[in-house]
Amino acid sequence: MSDWDALNEFLRTDPRDIGCDRALDALHTYSEMAAAGKNPAELFPGLAAHLESCSACSGDHEALVRAIREFGGGELC
Ligand SMILES: [Zn+2]
């Protein structure tokens with residue numbers, strides 16, 4: 001196990017947390033649902049758990065939701 005993996009394990013406190021790589025894969029869909037007033041946490045509980053613990057991804061999520069609300073989702077896809 002590399003130092004980076006060890007750090008990642010240490011930071012990943014919630015067992016449902018899917019981690020940054022997989023979070024980023026689904027983040028756009030998740031943010032579109034949130035911007036549309038739906039509850040994406042029901043569909044993506046692992047991503048919701050990740051956003052709780054990862055400030056980088058939750059910051060991206062908030063920026064995406066703002067951008068989708070302001071400009072619409074189509075051009076960002
Ligand atoms: Zn992350």
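**A zinc site, a core and a ring pair**

Hi everyone, let's start with Tyr30, which counts as buried at 6% relative accessibility; buried is under 20% relative accessible area, exposed over 50%, partly exposed in between, with a 1.4 Å probe and protein chains only. This is a predicted model, where local features need pLDDT of at least 70 and side-chain atom pairs pLDDT 80 or more, while totals for chains, interfaces and linings use all residues. Residues are numbered from 1 along each chain as its sequence is written, and side-chain values use heavy atoms, leaving out hydrogens and water.

Tyr30 also belongs to the one aromatic pair here. Its ring centre lies 6.0 Å from that of Phe44 and the planes meet at 55°, so the pair is tilted; rings of Phe, Tyr and Trp (its six-membered ring) pair with centres within 6.5 Å, and planes under 30 degrees apart are stacked, over 60 edge-to-face, the rest tilted.

Next, the core. Tyr30, Leu27 and Cys54 are among the ten residues of the largest nonpolar core, a set of buried Ala, Val, Leu, Ile, Met, Phe, Trp, Tyr and Cys joined through side-chain atoms within 4.5 Å. Helix α2 gives the largest share, four residues; helices are DSSP runs of H or I, at least four residues, and strands of E, at least two, numbered from the N terminus.

Now, which residues hold the zinc ion? The protein donors are Cys20 (SG), His50 (NE2), Cys54 (SG) and Cys57 (SG), 2.0 to 2.3 Å away; donors are N, O and S atoms within 2.8 Å of the metal (3.2 Å for Na, K and Ca), and water is not among the atoms, so sites may look incomplete. Cys54 is buried at 12%, whereas Cys20 is partly exposed at 35%.
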